[in-house]
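Subject: Structure handover

Hello,

Here is the structure for you to look at. My notes on what was found in it follow below.

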Amino acid sequence: MAGRESSSRIRWVYKRSSRITIIAICAALILSVVTLLVIRSETLAAQQRERELLEQAQKLEQENDQLKDKIENLGSQAGLVQYVKDVLGWLENGDIVIEKE
């Protein structure tokens with residue numbers, strides 16, 4: 001009988017340790033999946049932010065180009081006259097003013 005008790009005890013310990021191993025593996029898999037989902041979410045958010053920043057950079061480059069054009073225009077006589085008319089409302093001789101009532 002002592003041999004049988006020893007044998008059943010080994011089986012019970014074996015079954016218990018294999019269950020613990022399976023539980024540990026499942027926990028590790030769940031943790032891995034959750035970690036991958038979090039990383040994926042952060043990656044998607046970073047990609048969206050990158051797209052937004054690229055759009056903003058393009059808009060700023062366009063604005064820079066427009067400002068450079070204005071600066072170049074102000075360097076010429078015609079550009080300066082147009083600026084004074086548009087921004088300051090000055091008139092040249094012969095200009096006709098039409099006012100709305």
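In which helix is Lys70 found? Lys70 is found in helix 1; helices (H or I, at least four residues) and strands (E, at least two) are DSSP runs, numbered from the N terminus.

Two remarks on the origin of the values. This is a predicted model, in which local features need pLDDT of at least 70 and side-chain atom pairs count only at pLDDT 80 or more, while totals for chains, interfaces and linings use all residues. Residues are numbered from 1 along each chain as its sequence is written, and side-chain values use heavy atoms, with hydrogens and water left out.

The chain overall

The secondary structure comes to 2 helices and 0 strands. Of the 101 residues in the chain, 2% are buried. Buried means under 20% relative accessible area, exposed means over 50%, and partly exposed lies in between (1.4 Å probe, protein chains only). The chain exposes about 9,900 Å², and carbon and sulfur atoms supply 58% of that area. Accessible areas come from the Shrake-Rupley method with a 1.4 Å probe, and for residues only the protein chains shown count as cover.

Helix 1

A search of the whole structure finds 1 salt bridge, that is, a side-chain nitrogen of Lys or Arg within 4 Å of a carboxyl oxygen of Asp or Glu. Glu52 forms this bridge with Arg49, and their closest N and O atoms are 3.9 Å apart. Both residues lie in helix 1 (residues 2-74), 3 residues apart, which is about one turn of the helix. Glu52 counts as partly exposed because its relative accessibility is 37%. Arg49 is partly exposed too, with a relative accessible area of 45%.

Glu61, Asp65, Asp69 and Glu72 gather in a patch of negative charge on the surface. Patches are made of residues with over 30% relative accessible area and no salt bridge; like charges are joined within 9 Å, and nonpolar side chains (Val, Leu, Ile, Met, Phe, Trp, Tyr) within 5 Å. Lys and Arg count as positive and Asp and Glu as negative, while His and the chain ends are not counted. The place of a charge is taken as NZ of Lys, CZ of Arg, CG of Asp or CD of Glu. Lys70 is exposed, since its relative accessible area is 55%.

Helix 2

Helix 2 (residues 77-88) has 12 residues and reaches 16 Å from its first C-alpha to its last, close to the 16 Å expected at 1.5 Å a residue. The expected span is 1.5 Å times one less than the number of residues. Just after helix 2, Gly89 takes a positive phi of about 75 degrees.

Leu74, Leu80, Tyr83, Val87, Leu88 and Trp90 form a nonpolar patch on the surface, with about 600 Å² of accessible area together. Helix 2 gives the most to this patch, with 4 residues. Val84 is also in helix 2, but Val84 is buried because its relative accessible area is 18%.

Two C-alpha separations complete the notes. Lys70 and Leu80, 10 residues apart along the chain, are separated by 9.6 Å. Val84 and Leu74 are 10 residues apart in sequence and 9.8 Å apart in space.

Regards
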